[in-house]
Amino acid sequence: MMTDTVTAGSAELQAAQAARMAAINLMQDAMDARRKAEEAQRALRESEQRVRRKLESVLSPEGDLGLLELADIIDADALQKLMDDFYAVTHIPMSIVDLKGRLLVGVGWQDICIRFHRKHPDACQYCLESDLQLAAGVPEGQFKLYRCKNNMWDMATPIIVAGRQVGNVFCGQFFFDDETIDREAFRAQARRYGFPEEQYLAALDRVPRLSRQAVDSGMAFLLKLADMLAQLGYSNAKLARLLAERDRLTASLRESEQRVAMAKDASGLGIYDWNIPAKKIDWDSQVRSLWGVGPDIEITYDLFMSGLHPEDRAPTQDAINRAFDPSGTGQYCTEYRVISRADGVQRWVGATGQVFFEHGRAVRLIGTVGDITSRKEEEETLRAAKAAAEAAAEAKSRFLANMSHELRTPMNAILGMIELAIPKATDPTVKDCLQTAKGSAALLLTLLNDLLDSAKVESGKLELEAAPFSLRQMLDHIITVLFARADEKGLTITCDVPGNTPDALVGDRTRLQQILLNLAGNAIKFTDRGKIEIQVRLVEGEEGLLRFAVRDTGIGIPPEAVERLFQPFSQADASMTRRFGGTGLGLSISKSLVEKMGGEMYVESTPGEGSTFWFTVCLPLATEPLPPAQPAVAIPLTAAAQLRVLLVEDNAANQKLAMYVLRDRGHLVDIAGDGQEAVALTERNRYDVILMDVQMPGMDGFEATDIIRSRETDRHVPIIAMTAYAMEGDRERCLAAGMDGYLAKPIDSREMIAAVEAFAAPADAKVSAIPEATERAEPIAQPSDAVFDPASALKKCYGKPGLLSQVIDYFFDDVENLLPKLHAALRDGDRAEVGRLGHRLKGTIVHLAASRALDAARQVEMIGLPGGEQLNAETAVETLDRECQTLKKALEQHQAALRAQDPQVVLPSA
């Protein structure tokens, strides 16, 4: 009974144990399933990371192949199959493990390892230690044999890829066939880890026993195999990267080519490539289109040149030769016209390129060409518009100059007549009217002069003189001129010049004086009380640079008006013109003159307090002594008796001069323009003396004298020759022709008066009574390089500024009318006419004290005389033209200076 009870108890106990074991097994299975799921998930993540890392390393240009792990560069599946086959033959357990201890490939794993060692934490730790630590530091190509702490043999050799260890090949958990196994040690190990002893020992008996030779051979084979597969995988990765990079570069190249093609099409540029040694030229479609050749036509240098306009072939060849010069930059740039072979249309082409050299020889020229026809047409249009604008500006300037000249001449006469009438006016009302008319006429003349200067500035024809002058004398003159105007308004005018300021300077005194007179005159005009100061300072550190300032205490200028102050025809505001008068040209002209002198002008002003006009000019120091001031010329006394004089002269200026001088002496004067008119007048009138020009158009002075002498009966009329011939024997020639006296041009007024009044004396008077000076054959001495000597010219005009002004006007007329005729006669080969016209020009120039122009006129005059055929007529005429233009500019500056000194005063016309 007891037995039954025990048996029953045992059965219940066994059933409970079986149920407990079943529960434990279920839990173990669940845990195993969970662990496997986690491992699978972890493996999936690792695989995903490995794939991503591999893709990034291979495909990304910035990727690092050194970051790849062993699993990334071997084909584990292929290697596993090889190992399986190898194991089937050799029964050598093998595995490939990465540096993290992960098994990538394995075969021949034993139950003792899988079911026991790797199940217990301590034993498993010994396995990992064997996988990772004991195999570390093994040199490439060598093995390490060691007994792990689980008492079995392991062998390891490293896997090296690109110089870096990425894993190990293991041959593990085996015994050598020549060793004795210590079974008691394994029993104790089973007890230590709680392994079922019999099962553990049975697993031990199944552990392979290998010969040492088999192990060494197997390890060597697997090492080579793994290394080969690793290197192949790494090479494949590098190849993949290269292929990916090639694809990327190819795509980028295609994209770049597309962009270049789009840019080329948009720019209209064509590309050419000239292989010089091979004599081969490649053109793209656009270049071929410009030349009008199809894609099947071979391009040669001759074909290239034949398509160019004939006039452009030589310049293009020169540009190519320059580019081929190895000493240069090799850059090729030119423009030429292309005539299309397809339609004959002419197009302008711009070509650029770069030459490449080898061993000092040009071997290749690559560049672009483009159709620039539109640009060339636009340039031509702009050139035509510019030429038209310049022609219009020139026409306007000529019109203003001509109109100013034409209007100025009658204005001079009006002012002269008013000046003559004022002293004779006895009625106060009439005299006041004349004074008012004089002031208005003077203002109008000033306007005309300003318009002329403005036209010169605008056309760029305003020239400056460079002559030595005294700065302090000029400033003294300015103060003298303006003192009366300032005093009338109760203003003081002063000049501040420090002692260290140089006095002897080189520049255009007339124009500088014009600037200062304009600024100081404006200061007086716009100032009701206070003072005007002219200040001069030498700018330190700037050689020859002077700074002038004109200060006033006047009404000032609003800030908004300053910027338009220097514009032509502009004043601070419109009301200024009504209140103060003026044209608004003075400041514009002054600023232009300052800039032409290398300086600048600016203004500082405060409304209600006054203004300061500053300007700088560059005036070098004079290196030669200043010329002495010319003394005033005394006017001779009136003649004792009135004479009737016949003046035979074809030059208007000479007529005016002689008529003015003789009439001022109280003589009666008739004028004949040539010899034939003179003969006719002598037949109708009785004259006390005849002044006979020698060279005249038609009948000259010699022929006229001969006829007059042949018709004389009871009375001998004195004839005085006037000639510019200053050669030896001229005086004798005139006397031999029947003339009584001789005056050499330029005619001095005193000499002329002395000769006329001496020859017209009673009949028994001797010729010796004529002052010796009348027989002088040489003109008044002048510097050989003088352009115009105002003092000497004034002396030749009897000391009359009004007469000098009219002589200057006659010269302007001669330059305008005679020079074109002179050039026409030169073209026609009429040397006699050339000489005659030169004589006429000389007749005006002699009164202007202009030695250079006078010498040039004499040379032209001699062309028409005997022996003149040896002279170079073309050179002589060109020299005279040039000197006349230079003299004209000097005379214009002289007249501007006279106006600048006192615009209100104009000397009367003769």
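Predicted model: local features only at pLDDT ≥ 70, side-chain atom pairs only at ≥ 80, totals over all residues.
**View 1. The whole protein in overview.** The protein contains 28 helices and 23 strands, taken as DSSP runs numbered from the N terminus (helices H or I, at least four residues; strands E, at least two). Of its 910 residues, 43% count as buried, meaning under 20% relative accessible area with a 1.4 Å probe and protein chains only. Among contacts (heavy atoms within 4.5 Å) between residues at least 6 apart in sequence, 66% join residues at least 24 apart. Residues are numbered from 1 along each chain as its sequence is written. Local features need pLDDT of at least 70 and side-chain atom pairs count only at pLDDT 80 or more, while totals for chains, interfaces and linings use all residues, and side-chain values use heavy atoms, with hydrogens and water left out.

**View 2. The largest nonpolar core.** A nonpolar core is a set of buried Ala, Val, Leu, Ile, Met, Phe, Trp, Tyr and Cys residues joined through side-chain atoms within 4.5 Å. The largest has 55 residues, and those with the most contacts inside it are L691, V756, F811, L822, I845, L848 and L887. Helix α25 (residues 801-828) gives the most to this core, contributing 11 residues.

View 3. Leaving aside residues up to four places away in sequence, L848 touches F788, D789, A793, L804, V807, I808, F811, L887 and L891.

**View 4. The largest cavity.** A cavity is a set of points on a 1 Å grid over the protein atoms alone where a 1.4 Å probe fits but cannot get out, and its lining residues have an atom within 4 Å of a point. The volume of the largest is about 180 Å³, a volume being the space filled by probe spheres set on the points, which are joined across faces, edges and corners. Of its 16 lining residues, S95, W109, D154, G172 and Q173 lie nearest the centre. Strand β1 (94-98), helix α5 (121-132) and strand β5 (164-176) are the elements that give two or more residues to this lining.

**View 5. The second largest cavity.** This cavity holds about 150 Å³ of space. Its lining has 14 residues, of which Y272, W274, W283, F304 and L365 lie nearest its centre. The lining divides into 14 nonpolar, no polar and no charged residues, where Ala, Val, Leu, Ile, Met, Phe, Trp, Tyr, Cys and Pro count as nonpolar, Asp, Glu, Lys and Arg as charged, and the others, Gly among them, as polar.

Notes
Buried < 20%, exposed > 50% of the residue type's maximum accessible area, 1.4 Å probe, protein only. 1 Å grid on protein atoms, 1.4 Å probe; cavity = no way out; pocket = protein on both sides within 12 Å on 5 of 7 lines; lining within 4 Å.
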